[in-house]
Amino acid sequence: MVWLAMGVVYVIWSTTYLAMRVVNETLPTLLATAIRFLVAGGVLYAIAIRRGDRDEDRPGRTQWRGAATVGVLLMVGGNAGVAWAERTIPSGLAALAIATVPLWMAVIDRMVYHRRQPPLVLAGLALGFVGAAILVGGSIAGHVDATGMVVVVVAAVTWACGSLYQRRAPLPRRPFVAAGMQMLVAGAVLTVAAVLTGEPGRVDVSSFSRASVLALAYLVVFGSWLGFTSYLWLLRNARTSLVSTYAYVTPVGAVLLGAIILHESITARTVLAGVLIVVAVAIIITAGGAARAAAARSDAGEDRRTEPEVEVPLQGLGGTEERLLAQDGRGELQADGEPA
C-alpha cells in the first residue's frame with residue numbers, strides 16, 4: 001500500500017504541471033484555476049465538515065482568517081502563479097523553478113525564525129541557488145520568457161511563505177476541513193481576480209478544446225483529491241525520508257513528460273540547472289532529516305515541549321495539494337480531531 005501510494009504521488013504530481021499547461025491552451029487561466037479550487041474545495045469541505053470532532057473543532061472567524069491567509073499564499077500566489085507563468089514558459093521549466101521551494105523555505109526559516117542550519121544544508125542551498133541562477137539566466141539570455149520566469153520564481157517564494165506560515169496558522173485540527181476551507185477561499189479570490197482582469201467577458205465556450213476541459217477535470221479529481229489524499233495517508237503510514245523523495249522525483253518527471261507529450265525542448269542549460277536543483281534538494285532533505293533525528297535523540301527522556309522545528313522537505317514541490325496539511329498550534333499532525 002505504501003509503494004502504491006508513493007507511485008500515485010510520483011505520477012500525479014509529475015503530471016499536474018503538464019495538465020496546467022494543457023488547460024491554458026484554450027481556457028482562461030485565472031477562471032479555470034478558480035473553478036478547480038471551488039469544485040475541489042467545495043466537495044472536500046462538504047464531506048470533511050461532517051466527520052470527526054464537530055463540536056470542539058468548529059471553524060470560526062479566526063480559523064477562516066487563517067485559512068484565507070494560507071489559501072492566498074499557497075494557491076493564489078503559488079498555484080495560480082505557476083498556471084499563469086505556464087502560458088509563456090514550458091511546464092518542465094516551471095516544475096524545476098518550483099523545485100526550489102525547499103531552498104526558499106530554509107532561507108526564510110533562517111532569516112525570519114533565526115534557526116541555524118547544518119553545514120550540509122547551507123551547501124545544498126548554495127548549490128540549489130546556482131541551479132536557480134542558471135534557470136533565470138536563460139530568460140535573461142532570451143531563451144525563456146523573462147516575465148513568466150519571474151512570476152514562477154515569485155510563486156515559489158510565495159509557496160514557501162505559505163508553507164511555513166500554515167504550521168502556526170489558527171486552522172481547524174481536521175486537515176481535510178482546513179484544506180477545503182483554503183481551496184474555497186482561494187477559488188473565491190481567483191474568481192474576483194478573473195472578473196477584474198476581464199476574463200469572463202473574453203470566454204468563448206466554442207473555443208474550449210476537449211483536452212483542456214479534461215485536463216481541468218484531471219486537476220480536480222487526481223491532483224486535488226487522489227494525489228492529496230494519498231500524500232496525507234503516506235504522512236501517517238510511511239517514513240518521512242521515503243515520502244520526501246517526491247521532492248526530487250516529480251520535477252524530473254514533469255520535465256520528461258513536457259518533452260514527450262508537449263514536445264518542449266530540453267536544453268543543456270535546463271539539464272544542468274535541473275541536476276543542480278534536484279541534488280541540492282536531496283542534500284537539504286537528507287541533512288535536515290539527520291539534524292532533526294540527532295536533536296530528537298539528544299532530547300530523549302526529557303519531559304518538556306520545545307518549539308516545533310519546521311520540516312522543509314515535505315512542503316513545496318509536487319503539486320499544490322501537499323501544502324494543505326493542517327496542523328494545530330503545537331505543530332502536531334491531527335486526524336479527525338485526534339493526534340495521529
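**Exercise 1.** Which residues does Val152 touch, not counting residues up to four places away in sequence?

*Solution.* Two conventions come first. The model is predicted, so local features need pLDDT of at least 70 and side-chain atom pairs count only at pLDDT 80 or more, while totals for chains, interfaces and linings use all residues. Residues are numbered from 1 along each chain as its sequence is written, and side-chain values use heavy atoms, with hydrogens and water left out.

Step 1. Contact means heavy atoms within 4.5 Å. By this criterion Val152 touches Val82, Ala85, Ile89, Ala94, Ala97 and Ile98.

Step 2. A nonpolar core is a set of buried Ala, Val, Leu, Ile, Met, Phe, Trp, Tyr and Cys residues joined through side-chain atoms within 4.5 Å; buried means under 20% relative accessible area, exposed over 50%, and partly exposed in between (1.4 Å probe, protein chains only). The largest such core has 71 residues, and Val82, Ile98 and Val152 have the most contacts inside it. Its largest share, 12 residues, comes from helix H1 (residues 2-26).

Step 3. Another core, of 16 residues, lies apart from it and includes Leu44 and Phe228.

**Exercise 2.** Determine how the chain is built and how many residues of helix H4 (residues 91-98) are buried.

*Solution.* Step 1. Helices (H or I, at least four residues) and strands (E, at least two) are DSSP runs, numbered from the N terminus. The chain has 12 helices and two strands.

Step 1. Of the 340 residues of the chain, 51% count as buried.

Step 2. In H4, eight of the eight residues are buried, so this helix is largely enclosed by the rest of the structure. Ala94, Ala97 and Ile98 are among these buried residues.

**Exercise 3.** Describe how helix H7 (residues 146-165) packs against helix H5 (residues 101-112) and helix H3 (residues 61-85).

*Solution.* Step 1. Axes are lines fitted to C-alpha atoms, for helices over the stretch in contact, and angles run from 0 to 180 degrees between N-to-C directions. The axes of H5 and H7 come within 8 Å and cross at roughly 55 degrees. H5 is therefore oblique to H7; angles under 35 degrees count as roughly parallel, over 145 as roughly antiparallel, 65 to 115 as roughly perpendicular and the rest as oblique.

Step 1. The residues of this contact divide into 11 nonpolar, one polar and one charged. Here Ala, Val, Leu, Ile, Met, Phe, Trp, Tyr, Cys and Pro count as nonpolar, Asp, Glu, Lys and Arg as charged, and the others, Gly among them, as polar.

Step 2. The axes of H3 and H7 also come within 8 Å, crossing at roughly 155 degrees. H3 and H7 are therefore roughly antiparallel to each other.

Step 3. Among the residues making this contact are Val82 and Ala85 of H3 and Val152 of H7. The contact divides into 12 nonpolar, 10 polar and no charged residues.

**Exercise 4.** Is Leu44 buried or exposed, and is His263 buried or exposed?

*Solution.* Step 1. Leu44 lies in helix H2 (residues 29-48) and is buried, with a relative accessible area of 11%. Its C-alpha atom is separated by 6.9 Å from that of Phe176, 132 residues apart along the chain.

Step 1. His263 is found in the loop between helix H11 (246-261) and helix H12 (268-298). This residue is exposed, with a relative accessible area of 67%. Although His263 is not a glycine, it has a positive phi of about 60 degrees.
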